[in-house]
Amino acid sequence: MATHSTLRLALLTTAAMLAFAANSLLGREALAAGHIGAARFTTVRVLSGAVMLGVLVAVKTHTRSIGGDWGSALALVGYAAAFSFAYLSLSAGTGALILFAAVEVTMIGYGVWTGERISRWQVVGVLLAFGGLVWLMLPGVEAPPLAGTLLMLAAGVSWGVYSLRGRRTQAPTVATAGNFIRATPLALLLFLAMETSEPISAMGVAYAVASGALASGLGYAIWYAVVPMLSATSAATVQLSVPIIAAFGGVLLLDEPITMRLGLASIAVLGGILLFMLTKREA
């Protein structure tokens, strides 16, 4: 029985990480190939995520009330919009690495700002991760586009804020469903502001629906189901796999190259964050 439970936990955790990485792959393919515009992708993604999560919550809890709040919804749509516009120019792996690093730096920075003490090794880890991110962005042939980089950094900060706001939520899936529902009209405003200047196709809509309903909505539901069964360090550490999965997915599915700069930056960023996580209890 214990072996069965462990296997189930491993499979569900893997499914969640694959879903998170799939967001980068779906967004990159849909937007870079011109199947759909960034504002339209954002709107369809948020709307389909709201529908999926709303249905899951209604079936599971048999209630029509929604959780979340407007502040979190604003952070959510800020993340989704910046994410979409960033993937007009970034590769899947580069975007996922920048996004993940920005989320972690935002949350670590907030902890330090509010008085959380960190050890010397944690400082080393933060500096290593930050240095890797800065090196990735330095001008050069292999440097990612500056506009896309800044947008993905904004997406990461927004998601970090969203995560910080939801840390004390007792029913995360219910709260996430409510935030997606509230974010839908905000995304529609972005759509209305740009709807005359963006491309759209059935394939682009399909990618956006897959990103919203499956990779986001269902992916978050699976993740929140397994998080209570993981230690805090394990839950944080396993997410280090997302940029790696996205990078390899980009190579296998989108024919994207893995540059030397991206490879070394990934080692520095992910290694620094891992060092921070593993030495957290020593502070």
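This is a predicted model: local features need pLDDT of at least 70, side-chain atom pairs count only at pLDDT 80 or more; totals for chains, interfaces and linings use all residues.
Residues are numbered from 1 along each chain as its sequence is written, and side-chain values use heavy atoms, leaving out hydrogens and water. Local features need pLDDT of at least 70 and side-chain atom pairs count only at pLDDT 80 or more, while totals for chains, interfaces and linings use all residues.

**Exercise 1.** Work out whether Ala202 is buried or exposed.

Start with its place: Ala202 sits in helix α8, residues 202–226. (Helices are DSSP runs of H or I, at least four residues, numbered from the N terminus.) Next, take its relative accessible area, 67%. Buried means under 20%, exposed over 50% and partly exposed in between, with a 1.4 Å probe and protein chains only. So Ala202 is exposed.

**Exercise 2.** Find how α7 and α8 are arranged.

First, the angle: α7 (residues 172–194) packs on α8 at about 160°, with the axes 9 Å apart. Axes are lines fitted to C-alpha atoms over the stretch in contact, and angles run from 0 to 180 degrees between N-to-C directions. Over 145 degrees counts as roughly antiparallel, so that's what α7 is to α8. Then look at who touches whom (contact means heavy atoms within 4.5 Å): α7 brings Pro172, Thr173, Thr176 and Phe180, and α8 brings Ser216, Tyr220, Ala221 and Tyr224.

**Exercise 3.** Describe the surroundings of Gly95.

Gly95 lies in helix α4, residues 92–113. Its relative accessibility is 0%, so Gly95 counts as buried. Now skip neighbours within four places in sequence: Gly95 is in contact with Tyr87, Leu90 and Met152.

Conventions: Helices (H or I, at least four residues) and strands (E, at least two) are DSSP runs, numbered from the N terminus. Angles under 35 degrees count as roughly parallel, over 145 as roughly antiparallel, 65 to 115 as roughly perpendicular and the rest as oblique.
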